[in-house]
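Student: Can we go through some packing in this model? Please keep it short.

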Amino acid sequence: AWGGPMKHAFAGALHLAFHRRPERFGGGRSTALKAVDLAAPKLGVEKPSDFTWNQLLGFDACVQCGRCEAVCPAFAAGQPLNPKKLIQDMVVGLAGGSDARFAGSPYPGIEVGKACGAPHQPIVSGLINPETLWSCTTCRACVEECPMMIEHVDAIVDMRRFLTLEKGSTPNKGAEVLDNLIVTDNPNGFNPRSRTNWAADQNLRIMKEVKQADVLFWVSDGAFDMRSQRILRAFVKIMKAAGVDFAILGDEELDSGDVARRLGDDATFQRLAKRNLATLGKYRFNRIVTTDPHAFHCLRNEYPEFCPEGEKPDYEVLHHTTFINELVKAQLLNLNDYKGGSVTWHDPCYLGRYNGEYEAPRELLAELGIQLAEMERSGFRSRCCGGGGGAPITDIPGERRIADMRMEDARATGAALIAVGCQQCTAMLEGVVEPRPEVKDIAELVAEALAEPSAPPVVRRKSEQPAMEVA
């Protein structure tokens, strides 16, 4: 009979043989979401039968080990999501029936036995509540932990896509944020012409004036946020101290589209990606560096799919922790040792689990003479800050906040300071009520440690350096 352990063995073998992300075998990474065909008759997944056949095989491969449940930040916070139950509900939906026989933990706050589904019936409001989908921070802890390599986040975003693109039902501030992105090209609806105001006193070079540079600094949304602007200024100070030949796009830079994509609005994401790629195509540079892991992920892993036929980006995309670490190793920065108390490092999900960068920030902190007090959940098991996947926008209530739980992890180390490398993480962790450890971006720590150079740094490409015009 199709049931019992043999079902998982058979479905599991097939699922792994026809995995939708074959790059993951042999230790590779594959974390970019797949694009929606915007010409398709239906956008996103409404019914179990709308999933691809190899996604359905993946759900059937679930052995209910509960490892995804044990690491899910939303489940731990008491939000109505349990990734293990979600996968089992997809299995029930495809077979037809109810969740009455599910023996594990329910979605917090939702009792088992009342959910029903069938292959050609809508999933949401039959099998699962929409709040279950909107609780996910897209942190990929569940995916990283799953022994059967099931792709929970892909499934969740596919279902969100139907709700957002077909139903227009993104909860709380979701609809407003998506409208802002369409009208102003940034999620908070700020005047796009104010994108470079943070740098009015920085004398930065603008790409449309200089046409080429070694490094393009992708500023991202932090440009509009006063706290994040301190991180941007610190990074600029470091690049100037190292004599880096860099420029910014200024008002030509648009939002990377990360939030739109995680909220299911692939149409807005694709529009932003194509416009940004067209802008990037006008200039010559060797690398893009950004302080935002979410923009880093989009530019590095998700934009290449939208390059014109046969073209691939001829530039490298780096996170600022990796780039600063390179500058230090090349002895282009003169640094004093850190004078403060003990420090712990919070791995951002979109830098670590999405892009495999765990070493550079740790090497950089060691260069500052910092001895790290690691949190129990660090590296690929790092706990999300709660800021990804549009979670602060959809704001599904739980019993506690994910950021508070992450702060408890940090407090347990006895560290006086949490070093971070993401403005989302900074915002979430600084939102925790004091007393708590201080929160600083690695760029701020390095900028504070800069020693006075004995000679002024030389910018390696001699070129005109026009002063930045302020709108």
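Tutor: What follows covers a helix pair and then a sheet.
Tutor: The model is predicted, so local features need pLDDT of at least 70, side-chain atom pairs count only at pLDDT 80 or more, and totals for chains, interfaces and linings use all residues. Residues are numbered from 1 along each chain as its sequence is written, and side-chain values use heavy atoms, with hydrogens and water left out.

Student: At what angle do H15 and H16 pack?
Tutor: About 45°, with the axes of H15 (residues 320-329) and H16 (residues 359-367) 8 Å apart. Axes are lines fitted to C-alpha atoms, for helices over the stretch in contact, and angles run from 0 to 180 degrees between N-to-C directions. Helices (H or I, at least four residues) and strands (E, at least two) are DSSP runs, numbered from the N terminus.

Student: Which residues in H15 and H16 meet?
Tutor: Among them are Ile324 and Val328 in H15, and Pro361 and Leu364 in H16; contact means heavy atoms within 4.5 Å.

Student: Switching to the sheet, what is the strand order?
Tutor: E7-E8-E9, an open sheet of 3 strands with parallel pairing. Two strands pair if DSSP finds at least two bridges between them.

Student: Which strands stand at the edges?
Tutor: E7 (343-345) and E9 (438-441); each has a single partner strand, so one side of each lacks a neighbour in the sheet. On average, neighbouring strands are turned by 30° against each other, direction ignored.

Student: How many bridges join E8 to E9?
Tutor: 4, with E8 spanning residues 417-420 and running parallel to E9. Ala419 has Lys440 in E9 as its bridge partner.
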